[in-house]
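This briefing is intended for reading alongside the sequence and the coordinates.

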Amino acid sequence: MVLAELGGRITNALRTMTSNTVIDEETVDNMLKEIAAALLASDVNVKLVSKLRKNVKGRINLEDLATGLNRRRMIQQAVFEELCEMLNPGNPPYQPKKGKPNVIMFVGLQGSGKTTSCTKYALHYHRKNFKTCLVCADTFRAGAFDQLKQNATKARIPFYGSYTERDPVKIAQDGVDMFKEEGQEIIIVDTSGRHKQEASLFEEMQQIAAAVEPDDVVFVLDSSIGQAAHDQASAFKDAVSVGSVIMTKLDGHAKGGGALSAVAATESPIVFIGTGEHFDDFEQFQVRSFVSRLLGLGDVGGLMNAIKDAGLDKQPELYQKLSQGVFTLRDMYEQFQNVMKMGPLNKVMSMIPGMSAMMTKGREQESQVRFKKFMTIMDSMTDDELDTENTTKMMTDSRVLRIAQGSGSHPQHVWELLEEFKRFQKMVSKMKHLKIGKNGEMPQMSRNPQQAMAQMGKCLDPRMLKQIGGMNGLQSLMKSMNGMDMSQFMGDM
């Protein structure tokens, strides 16, 4: 999870406050002191921290609030809203439009991850069925065109550049004109960076902007500089009309919170955050969703969008099998594929309330490797082995040895897969009592929600149910999926 240390400290402060028998001024002050210390450690500007403390106290009037749960909810809600306010620039970002050319110009200092971000940006919109392409107008850095060419080829994105032409303005103009004629919808222009903010860099940016007339100028910023991001973002915004910001390297620096809040103070909307070197380590930035995940509350809306983007919301055959309590190794293989389509596991887990703590960076990598290893083993199985419902009876020692040799793994790994499958199969066998419809709907949830929730709780692995927060946490999760507001969701934190 991005900024896991900051999120953990704020969450602990809130949890300590809610566990107190009496919620009074002293309790609130101690909580705010802990939150302020966490924000300052993440290099958030002291004035912004002071403003947050003042505003939270302004939202809370303990004398007017009822004692008990309601008071805790209101305090948690106040902290949530003020953190959102701190990161909200107040301006909506540019939204590319289909059916017309959208010229997007990328600017930033050298080493900020600009060229990689260009490819990630192009791939993101390519997956949303936009026709995307890349233009390399960086003639200053040696190897810039080679890097963009390699990235674009790997992502299967059309690109344009030149080894001989040294005028970046001409390259940008020629590339944009060519792609407009081809009917491309998102034309991304990667410009030169420098080691520092030089007058020549700003002059070149202004010339390219005048030539290609971009619909949006995206400033790529390294989050490791912390609150110094404010001055850097302001300088670029003064030189060219920066409309959006992409924050990179948020996976490895404690100062990310300071950078995020500093950029928001310039009123430039952050559109994406980079959380690693891979193309999938790229998240659309939405303030409320980000803060919700930061506090361990999950992001059910983002989870549902990820499910839709991966096409997992339309699986009538799977729903029919679940309603009958049937689950085979082939079903397990397909579900592993589906989970991996949704993106990095730590990102998916952080969207589920209470689950972000389960997936540390090391464990996420282990789980990805485990998934792939199990899928390789299943690739060595016959159709009969994949489709049988009596896997335990069919899998003899000789079959296991054959599968292990075919997949290049140890027989013990095959037995581990079969044990994992048994757990899944046992869970699915209980799900037939939920009476799942062909589109995944559960009529019993509206007719008799208490009984439906009890049955759902029996289906889940006890460890997972505990991480969610028991039956109360499961109830909160289901409520939030049905569009309940944040204050009701937070009450069960």
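How many bridges join strand E1 to strand E5, and do the two run parallel or antiparallel? E1 and E5 (residues 216-222) are joined by 5 bridges and run parallel. The model discussed here is predicted. Its chain has 493 residues, of which 51% are buried, and contains 25 helices and 8 strands.

**Overall figures**

- The chain exposes about 23700 Å², and carbon and sulfur atoms supply 49% of that area.
- Among the contacts with a separation of 6 or more, 72% involve residues 24 or more positions apart.

**The sheet**

- The 8 strands form an open sheet in the order E3-E2-E4-E1-E5-E6-E7-E8, and the pairing is mixed.
- E3 and strand E8 (282-284) stand at the edges; each has a single partner strand, so one side of each is left without a neighbour in the sheet.
- Strand E7 (residues 270-274) and E8 run antiparallel and are joined by 3 bridges. Phe-272 has Gln-284 of E8 as its bridge partner.
- Helix H5 (residues 114-126) packs on the sheet, where it touches E1, strand E2 (132-137), E4, E5, E6, E7 and E8. The direction of H5 makes about 175 degrees with that of E4.
- Strands of a sheet pair through backbone hydrogen bonds, in either a parallel or an antiparallel arrangement.

- The bridge partner of Asn-102 in E4 is Ile-186.
- On the E5 side, Phe-106 stands opposite Val-218.

**Nonpolar cores**

- The largest nonpolar core holds 70 residues, and those touching the most other members are Ile-10, Met-31, Leu-39, Met-205, Phe-236, Met-247 and Leu-260.
- Helix H4 (residues 69-87) contributes the largest share of this core, with 8 residues.
- Another core, of 26 residues, lies apart from the largest one and includes Ile-104, Phe-145, Val-220 and Ile-246.
- Beyond its neighbours within four places in sequence, Leu-39 is in contact with Leu-6, Ile-10, Val-44, Val-49, Leu-52, Leu-83 and Met-86.
- In soluble globular proteins, nonpolar side chains tend to be buried together.

- Asp-216 is found in strand E5. It counts as buried because its relative accessibility is 5%, under the 20% limit.
- Apart from neighbours within four places in sequence, Asp-216 is in contact with Tyr-94, Val-103, Ile-104, Met-105, Gly-243 and Ser-244. The C-alpha atoms of Asp-216 and Ser-244 are 7.2 Å apart, although the two residues are 28 residues apart along the chain.
- Gln-425 lies in helix H20 (residues 411-431). Its relative accessibility is 19%, so Gln-425 also counts as buried, the limit being under 20%.
- Excluding neighbours within four places in sequence, Gln-425 is in contact with Phe-327 and Glu-389. A distance of 7.6 Å separates the C-alpha atoms of Gln-425 and Val-326, which are 99 residues apart along the chain.

**Residues with positive phi**

- Most residues other than glycine have a negative phi.
- Arg-156 is not a glycine, yet has a positive phi of about 60 degrees. Arg-156 lies in the loop between helix H6 (144-155) and strand E3 (159-160), and is exposed, with a relative accessible area of 73%.
- Lys-249, likewise a residue other than glycine, has a positive phi near 60 degrees. Lys-249 is in the loop between strand E6 (242-248) and helix H10 (256-265), and counts as partly exposed at 30% relative accessibility.

**Confidence**

- The average pLDDT of the chain is 79, and 73% of the residues score at least 70.
- Over residues 481-493 pLDDT stays under 50, and for this stretch the model has 27 contacts beyond four places in sequence.
- Where pLDDT is low, the predicted coordinates should not be read in detail.

Definitions and conventions:
Residues numbered from 1 in each chain as written. Predicted model: local features only at pLDDT ≥ 70, side-chain atom pairs only at ≥ 80, totals over all residues. Heavy atoms only, no water. Pairing = 2+ DSSP bridges. Helix = DSSP H or I, 4+ residues; strand = E, 2+ residues; numbered from the N terminus. Buried < 20%, exposed > 50% of the residue type's maximum accessible area, 1.4 Å probe, protein only. Core = buried A, V, L, I, M, F, W, Y, C linked by side-chain atoms within 4.5 Å. Contact = heavy atoms within 4.5 Å. Areas by Shrake-Rupley, 256 points an atom, 1.4 Å probe, with all protein chains shown as cover. Axes fitted to C-alpha atoms, helices over the stretch in contact; angles between N-to-C directions. pLDDT = per-residue confidence, 0-100.
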